[in-house]
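Visitor: Please take one part of this model and go through it closely. I would like its surroundings as well.

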Amino acid sequence: MPKKKRANNKPTSVRVGNFSKISGAVNIAGGNITTHQTTTGLNAKEIKQLFDQLYTAIEVNTKTSPANKEDLKAEVKEIQSTVTEAAQKNEKVDEGFLSRRFRNIARMAPDVLDVVMATLGSPLVGLGVAVKKIAEKAKEETKAS
């Protein structure tokens, strides 16, 4: 059976969306493919879930006084608010802001800073390596004082 020719030579397109954590190759013979990739960070609900883990880590920390736990939660809440807002606007979080918050956390509970680093350093949050560098610097500055 002979192939039918299209009446026009207009390219056709296929839109695929709302897939996450899926990768692989697509091979379609006989056509030109143009791809566009959009990478987005976490949404507000996912960020809240990450920060809920931080609040839990603060609560169960036996080395921290109740007053310091409240101060730690306040610091983390400010970070959460800023990270959420930055994610919604697709902006970067100010390094100076994070540095100040991390130094305060390191003074009160260095072990909690490690949890904050691990949580915010996730590539999914979009802060990654920058968070680790800022937190390490904050730790060193706190040890030196």
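Guide: What follows is a close look at helix α1 and its packing against α4. This is a predicted model; local features need pLDDT of at least 70, side-chain atom pairs count only at pLDDT 80 or more, and totals for chains, interfaces and linings use all residues. Residues are numbered from 1 along each chain as its sequence is written, and side-chain values use heavy atoms, without hydrogens and water.

The protein chain has five helices and zero strands (DSSP runs, H or I of at least four residues for helices, E of at least two for strands, numbered from the N terminus). Of its 145 residues, 30% are buried (under 20% relative accessible area; exposed is over 50%, partly exposed in between; 1.4 Å probe, protein chains only).

Helix α1 has 17 residues and spans 24 Å from first C-alpha to last, close to the 24 Å expected at 1.5 Å a residue (1.5 Å times one less than the number of residues). Its buried residues are Ile47, Leu50, Phe51, Leu54, Tyr55 and Ile58. Down the axis of α1 they fall within an arc of 150 degrees, so they line one face (the arc is that of directions from the helix axis to the C-beta atoms). The face turned away from that buried side carries exposed Lys45 and Val60.

Cover for the buried residues of α1 includes α2 (66-89) and α4. Helices α1 (44-60) and α4 (110-120) pack at about 170 degrees, axes 10 Å apart (lines fitted to C-alpha atoms, for helices over the stretch in contact; angles run from 0 to 180 degrees between N-to-C directions). The pair is therefore roughly antiparallel (over 145 degrees; under 35 is roughly parallel, 65 to 115 roughly perpendicular, the rest oblique). From α1, Leu50, Phe51, Leu54, Ala57 and Ile58 make the contact; from α4, Val112, Val115, Val116, Thr119 and Leu120 (heavy atoms within 4.5 Å).
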